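Hello,

Here is the structure you asked for. My notes on it follow below.

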Amino acid sequence: MHGPELRDIDFEKIKKMVFEICGIDLHSGKKELVKARLGKRLREGKFPSFKDYYEYVMTSEGAEELIMMIDSISTNLTSFFREETHFRRLHTIMPELLKNSEKASVGSRLHIWCAGCSTGEEAYTIAMTMKETTAKPFDLRIWATDISTKVLKKAVTGIYAEERIRKIPAELLKKYFAVGQGDWKGYYRVKDNLRASITFARFNLMDPPPAGDLFDVIFCRNVMIYFNKQTQSELVNRFYSRLRVGGYLFIGHSESLTGLPHSFKYIEPSVYCK
């Protein structure tokens with residue numbers, strides 16, 4: 001059973017809508033991916049065609065399905081301590097970040113934005129790294145955001161199968177994770193001592209971040225590769241405006257700000273400073 005055909009005209013409409021809503025650039029090479037991922041939504045909602053599905057998500061009645069559609073289209077690949085050099089860098093800049101926050105009269109408080117947090121591994125890794133770097137008491141606040149409600153639900157539960165936590169050093173696993181028992185054997189749950197510093201929230205990177213404290217660090221890794229140059233440029237400059245002077249931006253190892261107009265100072269590949 002092949003399901004409904006995704007006609008070029010319908011693909012173009014879906015592509016335009018996804019770009020306008022969340023900046024994801026679905027070029028022609030993504031047509032089969034869109035067909036496969038949305039085909040499941042069509043079957044579950046009993047939509048006879050992609051045309052009918054598109055027309056439904058464009059109505060106010062289809063608002064919830066529109067969120068499900070974006071969930072299906074967005075890619076969420078992550079792991080604990082992924083691109084590990086970034087966490088080593090975070091460890092070394094910690095004293096400098098604390099000094100900056102004290103100068104800014106916010107006391108020993110560090111505010112970090114983990115943009116595109118997916119199922120939570122990155123946010124929890126940031127929290128572990130920060131907590132392990134200094135014995136000095138400080139207030140850590142991590143705002144972890146994603147456009148997908150599906151991955152955020154998993155992030156909030158903080159429960160991970162054994163194969164997902166293999167890169168976590170044994171002493172950190174013992175300190176920050178509870179071992180599952182009974183029906184939960186083979187799973188690990190994040191303890192409250194780590195969870196307390198993180199707020200997970202649905203947020204569209206095309207929207208301006210809420211007003212409030214400036215961030216000391218922004219992680220936005222392996223997200224911009226889905227955007228075109230114009231959208232990347234707008235996002236990078238938005239990040240710049242929301243960082244404290246001396247704050248850092250971390251992007252994915254396969255990403256670069258080369259060719260984008262920006263005011264960041266280059267530190268090393270995929271690491272920039274305001």
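The model is predicted, so local features need pLDDT of at least 70 and side-chain atom pairs count only at pLDDT 80 or more, while totals for chains, interfaces and linings use all residues. Residues are numbered from 1 along each chain as its sequence is written, and side-chain values use heavy atoms, with hydrogens and water left out.

H7 spans residues 149-157, and its buried residues (under 20% relative accessible area) are Val 151, Leu 152 and Ala 155. They cover an arc of only 100 degrees around the axis, taken from the directions from the helix axis to the C-beta atoms, which puts them on the same side of H7. Their cover includes helix H6 (121-133) and strand S2 (139-146), along with S3 and strand S6 (198-202). Helices (H or I, at least four residues) and strands (E, at least two) are DSSP runs, numbered from the N terminus.

Just after H7, Gly 158 has a positive phi of about 65 degrees.

Three strands form an open antiparallel sheet in the order S3-S5-S4; strands pair if DSSP finds at least two bridges between them. S3 (159-161) and S4 (177-179) are at the edges with a single partner strand each, so one side of each has no neighbour in the sheet. S3 pairs with S5 (residues 187-190) over three bridges, and Ala 161 has Tyr 187 as its bridge partner in S5.

Regards

Notes
Buried < 20%, exposed > 50% of the residue type's maximum accessible area, 1.4 Å probe, protein only. Contact = heavy atoms within 4.5 Å.
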